[in-house]
Amino acid sequence: MKIVARCCTPVLLCSLVLLSGTAAGAQSAPAPQPAIDAGLALTPPMGWNSWNKFGCNVDEALIRSTADALVASGMRDAGYQYLVIDDCWHGQRNAHGDIQPDPQHFPSGIKALADYVHGKGLRFGIYSDAGTKTCAGRPGSRGYEYQDAAQYAAWGVDYLKFDWCNTGTQDARASYSTMRDALNHTGRPIVFSLCEWGTAKPWLWANGIGQLYRTTGDITDRWEGHEQYTQGFMNIVDLNEPLWPFAGPGHWNDPDMLEVGNGGMSLEEYRTHFSLWAMMAAPLIAGNDVAHMTPEVRSILLNRQIIALDQDALGMPGHRIRKLGDLEVWTRELSGGNRAVVLLNRGATPADMQFTWADLGYPDKLPATVHDLWKNTTVTAHGSYAVPGVPSHGVAVLQIAP
Ligand code: GLA
């Protein structure tokens with residue numbers, strides 16, 4: 001028997017893999033590897049989730065029509081590959097303890113639905129909870145982790161969002177590790193999305209357990225402010241931004257799903273929401289009615305240059321480097337020595353804003369092109385760059401290439 005130390009990530013997170021040989025010298029099948037070794041989520045996952053728009057009003061017709069719309073709208077081809085059903089798909093467990101879908105809303109069963117979604121060139125995701133019940137009171141996976149994981153794999157599930165309601169005194173790291181092991185045991189690569197709301201600081205331990213982990217409570221479709229247990233997206237930005245050093249390929253800070261297109265904000269605010277998610281290298285999980293979205297909403301979700309910013313291969317999230325009242329400058333290091341800059345105006349009136357090459361770590365005289373990712377214009381500059389009239393609640397998103 002040989003013991004091999006295996007480094008899974010650029011940081012010092014190692015696991016031991018046991019390789020055993022038979023008397024004849026043939027090796028048995030290797031133990032299932034941590035999902036991260038399968039190269040999952042080397043860039044932030046992209047897809048769609050039912051919760052923000054539809055809540056518990058989910059059924060198989062909605063999922064099928066959403067799959068159709070993800071293809072027809074061009075979203076699939078732009079990278080939105082995971083179609084995830086959130087809470088409320090569950091019925092009861094059968095006599096063997098196997099989880100069943102709600103027979104009224106999912107009469108054809110989950111396998112048939114996953115097959116349909118796969119047939120559209122998409123990947124299929126599902127939701128459960130580490131506790132005894134989900135947040136909406138459906139059966140949770142506590143005590144059924146291996147059974148549920150095996151069931152999901154048999155259905156063809158590619159992504160699991162795992163919530164944290166009704167967990168009592170459970171330890172978050174231990175509970176999520178159990179489900180990670182159960183998923184790995186299936187041998188099927190399944191992206192594991194931890195939804196623990198940041199309570200136990202998952203950015204400190206979730207690398208190697210899941211590929212994305214919620215850093216905050218739930219988002220709601222407004223600029224800022226608190227509403228019951230939810231909060232506006234700028235509140236979430238302020239909580240997620242300082243965590244930028246902890247995220248990277250295979251382990252992403254998740255500031256929750258997108259509200260773009262859900263009707264509570266202006267298009268300007270939705271552009272800002274989408275831009276900041278891309279700047280923070282957040283998962284881009286659309287949460288709107290994609291079968292009925294306006295062309296303006298579609299053009300935000302399908303801005304390929306903003307998507308490319310989110311998906312930059314270096315995988316280093318951007319962060320705020322300056323704040324003067326309502327005016328903020330954010331920078332992000334990109335692959336190939338490039339940089340991204342966001343000029344964010346949180347105030348009520350338009351503002352002239354600028355940044356310097358020193359902000360980017362560039363020498364003053366270095367010539368570079370500055371490309372505006374929303375206006376799709378390019379100029380050459382050196383030393384500094386100014387944008388007149390950044391709109392109220394708006395952004396300029398710039399890519400700087402020496
Ligand atoms: C929690 C999660 C949400 C959603 C709901 C479903 O609030 O944070 O994203 O999954 O549960 O009940």
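1. Start with the Cys 135–Cys 165 disulfide in this predicted model: its S-S torsion is about 95°, so the bond is right-handed. The two sulfur atoms sit 2.0 Å apart. The pair ties together distant parts of the chain, 30 residues apart, with Cys 135 in the loop between strand 7 (123-129) and helix 5 (145-155) and Cys 165 in the loop between strand 8 (159-163) and helix 6 (172-186). Cys 135 is partly exposed at 40% relative accessibility, while Cys 165, at 18%, falls under the 20% cut-off and therefore counts as buried.

2. There are two disulfides in total. The other one joins Cys 56 to Cys 88, with an S to S distance of 1.7 Å. It also bridges distant parts of the chain, 32 residues apart: Cys 56 lies in the loop between helix 1 (51-54) and helix 2 (60-72), and Cys 88 in the loop between strand 4 (82-84) and strand 5 (90-93). Cys 56 is partly exposed at 37%, but Cys 88 is buried at 2%.

3. Counting bonded cysteines along the chain, the pattern reads 1-2, 3-4. Cys 195 is buried, with 1% relative accessibility.

4. Now the overall fold. You get 11 helices and 23 strands. Among contacts with a separation of 6 or more, 66% come from residues 24 or more positions apart.

Technical notes: Residues numbered from 1 in each chain as written. Predicted model: local features only at pLDDT ≥ 70, side-chain atom pairs only at ≥ 80, totals over all residues. Heavy atoms only, no water. Helix = DSSP H or I, 4+ residues; strand = E, 2+ residues; numbered from the N terminus. Contact = heavy atoms within 4.5 Å. Disulfide = S-S within 2.5 Å. Buried < 20%, exposed > 50% of the residue type's maximum accessible area, 1.4 Å probe, protein only.
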